[in-house]
Amino acid sequence: ASLEIIANDCQAVADNLGLEIELKQSNSEGELVNFIQDAIDNFDAIIINAAAYTHTSVAIRDAMEIFHKPKIELHISNIFKREEFRQNSFLSDVVDAVISGLGINGYPIALLAIAKMVK
């Protein structure tokens, strides 16, 4: 699966739900923190796949904690079937929900959930 496929799937679901979405991707921890902080004033919710930063980033956790709107942590793989160090999330206790192990299907499911959470 590519980011383009995920983006197209998400846009189709968003269009059906009447949501405006913006997908952002970065391999830079600092840039992800900036995205989250910018979202505070510009977005009603966050769905985040922090990838390996899930297990390492206090900075992303702190940024997510100060975003006081609906937020979902998303993982393509089931992190609980992976290495022990990947089973720990710095984000889970500061988000409203976690979706894990549904592959790229987790993204449209997360959008369905977020649509209900923001209403």
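A residue is called buried when its relative accessible area is under 20%, exposed when it is over 50%, and partly exposed in between, using a 1.4 Å probe and protein chains only. At 0% relative accessibility, Thr 54 therefore counts as buried. The model is predicted, and local features need pLDDT of at least 70, side-chain atom pairs count only at pLDDT 80 or more, and totals for chains, interfaces and linings use all residues. Residues are numbered from 1 along each chain as its sequence is written, and side-chain values use heavy atoms, with hydrogens and water left out.

Thr 54 sits in the loop between strand E1 and helix H3; helices (H or I, at least four residues) and strands (E, at least two) are DSSP runs numbered from the N terminus. A contact means heavy atoms within 4.5 Å. Leaving aside neighbours within four places in sequence, Thr 54 is in contact with Glu 73, His 75, Asn 88, Ser 89, Phe 90 and Leu 91. The side chain of Thr 54 also reaches the backbone oxygen of Ala 51 at 2.8 Å. This is a polar contact, that is, a pair of N or O atoms within 3.5 Å; within protein, one must be able to donate a hydrogen and the other to accept it, and residues adjacent in sequence count only if both atoms are side-chain atoms.

Ala 51 belongs to the loop between E1 and H3 and, at 47% relative accessibility, is partly exposed. Most residues other than glycine have a negative phi. Ala 51 has a positive phi of about 50° although it is not a glycine.

His 55 is also placed in the loop between E1 and H3. With a relative accessible area of 12%, His 55 is buried. A polar atom of the His 55 side chain lies 2.8 Å from the backbone oxygen of Asn 88. Not counting residues up to four places away in sequence, His 55 touches Ile 79, Phe 85, Arg 86, Asn 88 and Phe 90.

Glu 73, one of the residues touched by Thr 54, is found in strand E2 (residues 71-75).

The next topic is the nonpolar interior. A nonpolar core is a set of buried Ala, Val, Leu, Ile, Met, Phe, Trp, Tyr and Cys residues joined through side-chain atoms within 4.5 Å. The largest one has 14 residues, and those with the most contacts inside it are Ile 36, Ile 46, Ile 48, Ile 60, Met 64 and Leu 91. Helix H2 (29-42), strand E1 (46-48) and helix H3 (58-65) each give two or more residues to this core, and H2 supplies the largest share, 4 residues. Ile 46 touches Ile 36, Ala 39, Met 64, Phe 67, Pro 70, Lys 71, Ile 72 and Ile 114, not counting residues up to four places away in sequence. A second, separate core of 10 residues includes Cys 10, Ile 99, Leu 111 and Ile 114.

Glu 31 lies in helix H2 and is partly exposed, with a relative accessible area of 35%. Its C-alpha is 9.8 Å from that of Ile 60, 29 residues apart in sequence.

Last comes the pocket. On a 1 Å grid over the protein atoms alone, a pocket is an open set of points where a 1.4 Å probe fits, with protein on both sides within 12 Å along at least five of seven lines; lining residues have an atom within 4 Å of a point. The largest pocket holds about 1,100 Å³ of space, where grid points are joined across faces, edges and corners and the volume is that filled by probe spheres set on the points. Its lining has 34 residues, of which Glu 22, Leu 23, Lys 24, Ile 47 and Ile 48 lie nearest the centre.
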